[in-house]
Amino acid sequence: MTPENFFLLATLLFSIGLVGVVSRRNLFVVYMSIELMLSAINLVLATFSRLHNSMDGAVIVLLMIAVIAAEAALFLAMIVHLYRQRRSIDSDVYTALAQKKEHL
Amino acid sequence: MLENSIFVILALFLLLGSAGMVIFKQTLFSAISFMLAMLALAGMFALLENSFLFLAQIMVTVGAVVVLSMLVIVSINIQERNLPVENTKFQWIALSTLLVTPLAILIYKSLTHLHVSFEQSEPGYGSLKMMGATLFSEWVLPFEIVSILLLAAMVGAIVIGRKERHHDT
Amino acid sequence: MSTLVFIVLIPFVSAFVLGMVYLFDVKKERYCFYAALGILAPMLSSVLALNVGWQVSALETDAVVHATFFKWITLGSFNIDVAFMADRLSVVMLSFITVIGTLIHIYAAGYMRGEAGFGKFFSYFNLFMGSMLLLVLADNPIIMFVGWELVGLSSYLLIGFYHHDSANIKAANKAFMLNRVGDFGFIIALALLFITLEGSGYSFASIEAHIGLIDHSMLTLIGMLLFVGAMGKSAQIPLYVWLPDAMAGPTPVSALIHAGTMVTAGVYMVARFSFLYNEIPDVGEYIAIIGAFSALFAAVIASYQSDIKKILAYSTMSQLGYMFIAVGLGAYSSGIFHVFTHAFFKALLFMGAGAVIIALHHEQNIFKMGGLKKELKLVYATMLIATLAISGIPPFAGFFSKDAILAAAFASEHYSIWIAATLTAMLTAFYMFRMLFIVFFANAERKNDLLPLTKMMTWPLIVLALGSATAGFLGLNEAYGGSNWFGGFIDLPDQSRHLSHSSEYMLGILNVLMAVIGTALAYRFYVKSAIEPKTDTLWRHAVIHKFYIDELYDLLVVRPLRYLSVLSDKLIDQKGVDGILGVLVSGYKFSGGLFTRLQNGKVRYYALYILAGVALLSLKILDVLGGI
């Protein structure tokens, strides 16, 4: 249970989260991967807090958790809204900002 | 010894949960794996002698966030046939894993640069009392701002989430 | 500023002013203003010219009056100033150009009355005067060439004056293009001259001083190329085909440009370069042969023409041939003397023809004229004098100048040239009197009444008639009792040839005889009845169609060029250049299309691109930090 182990764990979590954001089309999975990345950061902060023997890091983690909750609300509201528009939770369906094919 | 084995088990759950979340096709399965990962993370916080965070993680992240997302998943009630078609899922995962590796190495290197180790923690570390003392002395301003943020998020969620009104009635 | 500068500048300024006023004139009816300004400029120039002439003749024989206007090009040792010089030769040319020019301007004011573009006409006419004066007064070959080109330009503008008819435009283009072909040779000659004389200045005086520096073969080349320029400008074979077509311009234009002044610029140029041509008598002989051939050729064609102006055009070409015979054989004074007398009677002939054309409502076919002797008395009288002059009947001017030329040809022992020239003399008399008889004597077939002619048109005729009658006496040579004042005055380095007085008398009598024979033949055939020659025999067919030279040029030159242009357009331009551009464009479009695919609007892909960038960056940082 050395700090290095915790850091390794956090790094792995962050990487898995990043992989999830990039690879999946399902909006929920994208959302949860983002949460995962944030949680990895929380772990790092908690470890540092323990290393420095003060509660500063933990306070930040607490505030982060609050922010995560707020973000969750918004993200899920967005998904609901999008689902109402297009009846799909596939991120590849929403391409309004794409380059239109030219008609020659 | 005991700590180490608990650590290993919790780490295993954490990794399995997050891996499963990324891999499962059914949304609800992903959500349940995510919940597992978050619970394991709470255990990690406990191992770090931070009892308050252990509580907060379970109450907020697992109890509110994950539950809320499960609620939305279930209420949308998307059928299996309407799920996104992800034939190339594993190819994408492989490619992104490859691309993530340098970043991960970099992060790990910078984090472990200092080679410190855990010392004996002072008594009362991680307790609610110590958390409150720090929170309401040095960290009051961020605390207040976060509360405003929560208010804004609430309003935003309501506005985004409400049904469209038809203008011709 | 010196008088010489003013002489050249006044017509240019007047042309500019006339042009500006004409441009902004709305109704374009200020005939009085245009005519007044248009006539004033050459009149002023002629007064100044005569002044300069007086000055120069008071000085000794080889004195030269110089005047520099401004420095034009200075590149190290290559200095070209816009400078003028007046020596005896320039003064002679100057005198008749300005005086006859003024008379023709007055005539033109009457001829062009009521025409559209009256102001424009005088602007161009003054431009021409200025250019010709620039040419004649130039101090160095480059400025002379500037004048040469400007004269060509004015000729183009004036030939195409009636621009609504596209045939006139074609004639103007033809004149300009053939001029250009000649100028090509001229430019090369000037360049060669400059290269071989590098560093020792570039005015006529300095070239003359250093002429020994150039070796003989180079001199021959330069002389030939200069003559190519003269061939184009003075309408000798083979670059003559523009002159008959140039008759499409108004008659005053033909009178001034294509009779007296522009076409004689070639002769002037050879005379100006007399120091050069004296070194290369072979080239001179070649020039004389071309002159003789042109003279005979033109005379034959003129004998069958029906258009009054075309007859005069071929006549001009023929007389120019005479002038080139003279300067080719080294008798520069005789050549310039013939230029001088020719200006008088040819201008008079053209102006008289113009008067007849106007009187008959713009009719130009002589076979539709006739019997005008009674009704156009003044025109008849003056044209009779001019015809007598050109035919070489003493005591009128043409006899003396032509006689001098034929004497030089005989004395140079190039008997083929002499025979050709003598035959041409007979033909000259023949076709000129043919024209006179058909227009003024033969039966009238006209239907319309005659238009009256204004005084502005008739008075210049009288002045020129006087000149044609008397100018010959200026060059009276010793055999006839005179002292050849003209030759002595002009002091050109003639080849000295001696001819005994008895030979002179014999030649003189022979010439008169030839002229009389020609006149008699014309009288016999054409006094009573005038019938247009039909194209029945092969000979007639060939001559009336001017030996099909125009058609030949069209086949040999025009068509290949046109084919080449079309080829360039279709093949090289459209397929080649546009094709390459098309390939480039589609290449760009293709690569653009490739980049378009990157922006497909899917968030996943964008996240992937970000990740890829981050990965690269991390690799780089890891590399810097020293490995994994």
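This is a predicted model: local features need pLDDT of at least 70, side-chain atom pairs count only at pLDDT 80 or more; totals for chains, interfaces and linings use all residues.
Chain C is made up of 628 residues, of which 49% count as buried. Its secondary structure comprises 24 helices and 2 strands. Among contacts in chain C with a separation of 6 or more, 81% join residues 24 or more positions apart.

The largest nonpolar core holds 202 residues, and the members that touch the most others are C:L137, C:I325, C:A347 and C:A421. When neighbours within four places in sequence are left aside, the contacts of C:L137 are C:L4, C:I7, C:V8, C:F84, C:M85, C:A86, C:S90 and C:L94. Another core, of 65 residues, lies apart from the largest one; its members include A:F14, A:M32, A:A40 and B:L14.

The contact between chains A and B takes 62 residues from chain A and 75 from chain B. On the chain B side, at least two residues each come from helix 1 (2-23), helix 2 (27-47), helix 3 (51-76), helix 4 (89-111), helix 5 (128-137) and helix 6 (140-161). Helix 3 of chain B provides the largest share, 13 residues. By residue class, the side of chain B that touches chain A consists of 52 nonpolar, 17 polar and 6 charged residues.

Chain A also touches chain C, in a contact of 11 residues from chain A and 10 residues from chain C. Helix 24 (residues 603-625) gives the most to the chain C side, with 5 residues. The side of chain C that touches chain A contains 4 nonpolar, 4 polar and 2 charged residues.

Note on methods
Residues are numbered from 1 along each chain as its sequence is written. Chains are lettered from A and ligands numbered from 1 in the order in which they are written. Two residues are in contact if their C-beta atoms, placed from the backbone, lie within 7 Å. Helices (H or I, at least four residues) and strands (E, at least two) are DSSP runs, numbered from the N terminus. Ala, Val, Leu, Ile, Met, Phe, Trp, Tyr, Cys and Pro count as nonpolar, Asp, Glu, Lys and Arg as charged, and the others, Gly among them, as polar. A nonpolar core is a set of buried Ala, Val, Leu, Ile, Met, Phe, Trp, Tyr and Cys residues joined through C-beta atoms within 7 Å. A residue is buried if 20 or more other C-beta atoms lie within 10 Å of its own, exposed if 12 or fewer, and partly exposed in between; C-beta atoms are placed from the backbone.
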